[in-house]
Amino acid sequence: MDIHRRIQSQTSSTSTATPSKHAFETRVADVKSPKSDINALILDYLMMEGYPKAAEKFQKEANLKPKQEDPTINARQEIQHAIHVGNIQKAISDLNELDPGILDSDPHLHFSLLRLQLIELIRNAKGYDPTAAINFAQEKLAPRAASNEQFLKELEKTMALLIFPPDKLQPDLAALLHSDLRRNTAAQVNEVVLQRHTERREAAIRQLVRMRAWAEASCRSKKRNLPDRIELGLNNGDDNGHEPMVTS
Amino acid sequence: MAHSQSPPALLWQIQNARNHAEQIELLRQLKDEVIGDVRGKEKWVNHGILQSLVHLLQQKPTAQSPSGLGSKEAYAPISQTTDLPDDDRVRLLALQLIASFAKGGPSFLAPLNAVGVVPVILTYICPRKNPAQLVLTSLRALSDMTEAASLSSRTSTEDTAALAKALFVSRYIDSLCAILDAESTSSIVQEQKCLVASLISRLCKEPRYQDMLADAGVLDALATLLASFVVARGEVLPFTLDTLEREGLDAVIPQPAPRGLSLALILEAISVMIADSRFRTGLLLCSPAIMAVLISSEIGERKSQIYRTWEMLKKGGLTYGRPVDRSAIDYLLPAVPVTTPRFLLSQHPPSFPSTGGSLETPAKHTTRFMTKDREWLVGSGDTDEPESPLIPWLIHLMRSSTSDHEKVMAASVLASLFKGGFTSPDREFSLSVLVVPVLCHILKDYEKESGKSLDATFVDSETATAWAILERTPAVLARLIADSVFLQQITRDSGALKLACKLLKDSYEPSATQSPPRPWTPNPEERRDFGEDGFSACQLGPPGQVPACAHKIRMRESSLKLITSLATFKEEFRKEIVEQDILPSVAESLSETPQKPTPPKEKPKMEEDGAVPIHPAGHSPYGHNPTSVLIAACHAVRTLARSVSNLRTALDDNCVAMPIFKLLKHVDIDVKIAACSVICNLLIESSPMRDPLIKAGVIGVLCQYAKSDNSGLRLNALWALKHLVHMTDRDTKKQCLEELGPGWLIQLICDDTEDEALHARVMGERRHLTDADEDEVMDTDDGYAEATDDIWQWQAIHRKGPGFDSTRMRVADGMLRALREREFDEVRKAREADLAIQEQGLDFIRNLISIPNQPAQAEMVDYVFSELGQDRLFDILASKLRVKVLRPFARRQSSSSGTPGGGAGSGASGRNVSIDSRVLYPQSKIIVAVIYFLTHIAAGVPRHRQLVIAQTELLKLLAGHFNDKDVDVRRSLCHLLKNLVWCDGAEDRLGRDMRVFELEKLGFLQKLEGLERNDAELDVRERAKEAASSIKGEAGDGPQVPHGRVDY
């Protein structure tokens, strides 16, 4: 429960503008959370999400003891970067270099990457010559889709991109070309690598955020005395693009 | 590089690359192509890629390029493979490719084995000679091959056994040990350790490998890793260091376990290695790191809260635990008030349940821990030696861990410790409240999850872990509760009985896909195009099973084990189990190719006589039962058949007899033994399956097995025959004796077959040794002992050198030596096997002549005498009562040796055991058998009673046993005497008087009166009184055949 209180204090630390303080918030304000814990959480986030340079800098600035090095952090960053820029071939190759066992034991991830690669091929064809994309789909994706319903659906949907002009797509097809897909796949890869090498899947703060949401929900369902809205403390200013924080 | 080259071209380029750099580039290209693509893998195998890879790996690095193999290499970050010299990178890629092919599944095992890939991989596992990454990758390749082997359907054990055989040789065991001992904290090394642990737990199933690994120090290394978790969890007690410094052991405390090491895997490897061996379990407890980290000193602070709680509970009579004796770790556990009457706890586990229909079976001979072992405990279990704090620590781990896998594995180690008698007597109760419910709870949780529908070929790691937990929990629970009625009760009350039955039934849900489907291909004709003239290195093998199917098979085995354990003692549990309608599933588990389990009512009668299977072998939706399931099912039937009512109803309705009769003729010796032990219970007098089995020809098979080389099979077969001839018709009895052969029967009861065999073997070895290097062996006195037992050194002390001289370590060393001598004492084992067989042989003859009605009984006695030879038989009986000297003319052992394997009191004197000349004292079980045999003869016609009385020599010997320690001997003597003096009508009057005269002359009356007055047992006193009064002619109830045990 200690952590629980801590995270509440952390989240409410910026929301001081409330005119009359709710009993809950006065209690929250009483809780002191050590700064070192919060720093450790931030460093953990940077390490797990794959920002080696930022982590290094933060570590120096916050004067933290170097954590046990994570040998995969650089490779994870490179792979994520490759996916973000659409170089899927390189991402797959790097992933195989990092740990050849991953794609062999996770067909879903492999399929996601290959489909992304197919999308890039279609994107690059720009409606002219789809032969490369079709060959690729036939060679790499079709054999997998043949034995799996879900793969088949996704492959069919992706192939539909060849038929419709890129500027007049249904929303669900347009989503395939959106950069979110790349970002999600990159995050997925990151998770899998982390899981295999550290037994953890995600940064500790994500779990804390989920726990906070769960705690709030269960308190409300039991009609405990809570303020109508407990700010997370991040949406006050601009969003900063921190949307993965709200994973609950 | 989106383009992919045609396989032959790329292959040619790889083989003929100009330099390493080019080769690396090509191999990387190949790697990206095959990873995750089963069809691509197959294509490349067809082109013969595996041979090229093996060829690359066989080019060993030149001697002068060990390229910084020092410890710093181990810290190399995983991604920077560029750090490696180019030739090593080539090898790394080749190993990665092999691992990837192995991940393709069981069908790739055949080509991989055809090019002999395992020995090549093994040359790369030594961490001293190879860079850490090569070691890691070769371990991964081995692990992937093991995984594939576990899925290969029919020959699953063959494939796994072949891997085990290749891996567990001393050279590679040293490498494994070195990996586990490495002190680095790098993640590569941690993954290496995890892989080694998981390889051990999947491959190290045979006792000989377990012993080899333990002797090489692998168990110590694993124990050290376990201790490092104790350190990492911060559970080393504050006073520990002081104590250790005093003892000079402080250097043994390991560093805290680094991130990346898996406690569950370490515990699993440990539990697989110690298995059912008390010696290896002792080795774990005495491992220096465990002894250092967990100290059994009592806690200093007397006034602590919990201590006071204990005291209060004790005063209130709520607990029997003496907190003073407990280790400090115990204070991490909740104080458990013992509210259960103590008699419920099996301090002396019931050797026999008192419930009505339970039968004696040779069950105990199949489990290695026998309860009687508890009498003989070296410093553990008895009160002056406190139990190891590892036990409370493991219980604490079970309660505090967040990982269910860890919990189950901790329980598995606990089960070995408990069964081995290393726990303190009141621990059984804390197991019942702190451990069993946790396991039952896990079982409940995961049982719900098992129903998920699954992708046929692919299992994500979460499901795989859930399956692993679900597969292991019932088996662990079964082991834990096997000897304890009390724990069985708790398990049943926690709902595990119904769950076990449900799991068994669920495992017979038909699965849609048995083997992985062939991947679709856009150009189907290409598949056969390149297939090279049937060369096995380029052809895939059989496809094996899908993981879900293998999981079901393992669930069958595991749930059957739990059912077996629950049915061991309590009649009501047997009844409850049968009420769950699981017998159809159990019956199908007795068949290698199971069909749909159908309740007997719906089963058409025709099917009984082996009707055609509906599904062709290998494609049945119910899978294929390997020997482990067959054996587990046999044991389940065996314990369920202990109930006569089950025997008459459910078991008979479900027609278990014929499948078991088929298994009796199985090729696997262990299956034969297990089937034979069931047959024992199915052949008893009240069993409706007796006649069908006799009709099917069970006598011939059993008689044949009674002549087997394997002492276990011989014993079980003879045991079954003994049941068979009891209360059966004359012709069957005669048939049994004829088929067994009177000469062979005489040999069985007379000779010490196993002992002779051992002797012959040892003599052979000795001769072999002498031939080999005559000079050396001639000098030593006893070549055999030198060659085996004497050189055992406790590796832990031996390796770590000085500083291990503390008293605790010396005590531990002594205990381990004693445990080892006990466990490895071949002479003793042979002696025990011989005695068991002789006892069954004598009982067999007794059951032959046990016929209630008169002329038939006399005729049978005459028949037995004529077949076996009257004088010879009496001579043998007499010899069983005498001290026997084996091989009197062989070399005698020096006087320091005890009387190995002799009387009950003589412990194994291991080191000095000589196989040559020995003195054997008569054993009470055999004496009882002899006496009851005579009793049965004496129950017949006067002529036969006279015959017994005429054996003066025999009677004199019997007179010497009135003071036998065993109560059964004394009781049986009373029976015998009473029968001998019984008067059968007027014409026997004279005979009776003569017999009384003879007996009085031999001093029997006096001895009986002695028993009547002084015996400790009421029962014996009563019987002695009866017998004495019969001799004096006061009462005459008629001859009595003693009841109870003797009838079976």
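Trainee: How many residues does the contact take from chain B, and how many from chain A?

Mentor: It takes 30 residues from chain B and 33 residues from chain A. Keep in mind that this is a predicted model.

Trainee: And what area do chain B and chain A bury between them?

Mentor: About 3,000 Å², with 46% of it on carbon and sulfur atoms.

Trainee: Which three residues of chain B supply more of that buried area than any other three?

Mentor: Those are B:Ile35, B:Arg259 and B:Phe458. They supply 21% of the area that chain B buries against chain A.

Trainee: How many salt bridges are there between chain B and chain A?

Mentor: The count is six. In a salt bridge that you can look up, the side chain of B:Arg89 meets that of A:Glu97, at 3.4 Å from N to O.

Trainee: Where do A:Glu216 and A:Arg212 lie?

Mentor: Both are in helix H13 of chain A, residues 204–221. They sit four residues apart, and that is about one turn of the helix.

Trainee: Okay, switching to helix packing in chain B. At what angle do H23 and H27 pack?

Mentor: H23(B) covers residues 461–481 and H27(B) covers residues 547–566. They pack at about 20°, with axes 8 Å apart. That angle makes H23(B) roughly parallel to H27(B).

Trainee: Is the crossing of H23(B) and H27(B) left-handed or right-handed?

Mentor: The crossing of H23(B) and H27(B) is left-handed.

Trainee: Which residues meet there?

Mentor: On the H23(B) side they include B:Trp467, B:Leu470, B:Arg472 and B:Ile481. On the H27(B) side, B:His551, B:Met555, B:Lys561 and B:Leu566 are among them. By class, the contact of H23(B) with H27(B) has 12 nonpolar, four polar and four charged residues.

Trainee: H27(B) also packs with H30(B), so what are the angle and the axis distance there?

Mentor: The angle is about 25°, and the axes of H27(B) and H30(B), residues 627–640, are 9 Å apart. H27(B) and H30(B) are therefore roughly parallel to each other. H27(B) passes H30(B) in a left-handed crossing.

Trainee: Which residues make the contact of H27(B) with H30(B)?

Mentor: H27(B) brings B:Ile553, B:Arg556, B:Glu557, B:Leu560 and B:Thr564. From H30(B), the residues include B:Val629, B:Ala632, B:His635 and B:Thr639. By class, the contact of H27(B) with H30(B) has six nonpolar, four polar and two charged residues.

Trainee: What about H36(B) and H38(B), how do they pack?

Mentor: H36(B), residues 698–705, and H38(B), residues 730–740, pack at about 35°, with their axes 9 Å apart. H36(B) passes H38(B) in a right-handed crossing.

Trainee: Which residues of H36(B) meet H38(B)?

Mentor: B:Ile699, B:Gly700 and B:Cys703 do, and on the H38(B) side the residues include B:Gln735, B:Cys736 and B:Leu740. By class, the contact of H36(B) with H38(B) has four nonpolar, three polar and one charged residues.

Trainee: Last topic, B:Arg648. Where is B:Arg648 found?

Mentor: B:Arg648 is in helix H31 of chain B, residues 644–648.

Trainee: What is B:Arg648 in contact with, leaving aside its neighbours within four places in sequence?

Mentor: B:Arg648 is in contact with B:Ser686 and B:Pro688.

Terms used. Residues are numbered from 1 along each chain as its sequence is written. Chains are lettered from A and ligands numbered from 1 in the order in which they are written. This is a predicted model: local features need pLDDT of at least 70, side-chain atom pairs count only at pLDDT 80 or more; totals for chains, interfaces and linings use all residues. Side-chain values use heavy atoms; hydrogens and water are left out. Axes are lines fitted to C-alpha atoms, for helices over the stretch in contact, and angles run from 0 to 180 degrees between N-to-C directions. Helices (H or I, at least four residues) and strands (E, at least two) are DSSP runs, numbered from the N terminus. Angles under 35 degrees count as roughly parallel, over 145 as roughly antiparallel, 65 to 115 as roughly perpendicular and the rest as oblique. A crossing is left-handed if the near helix is turned anticlockwise from the far one by less than a right angle, and right-handed if clockwise. Contact means heavy atoms within 4.5 Å. Ala, Val, Leu, Ile, Met, Phe, Trp, Tyr, Cys and Pro count as nonpolar, Asp, Glu, Lys and Arg as charged, and the others, Gly among them, as polar. Buried area is the accessible area (1.4 Å probe) that two parts lose on being put together, summed over both. A salt bridge is a side-chain nitrogen of Lys or Arg within 4 Å of a carboxyl oxygen of Asp or Glu.
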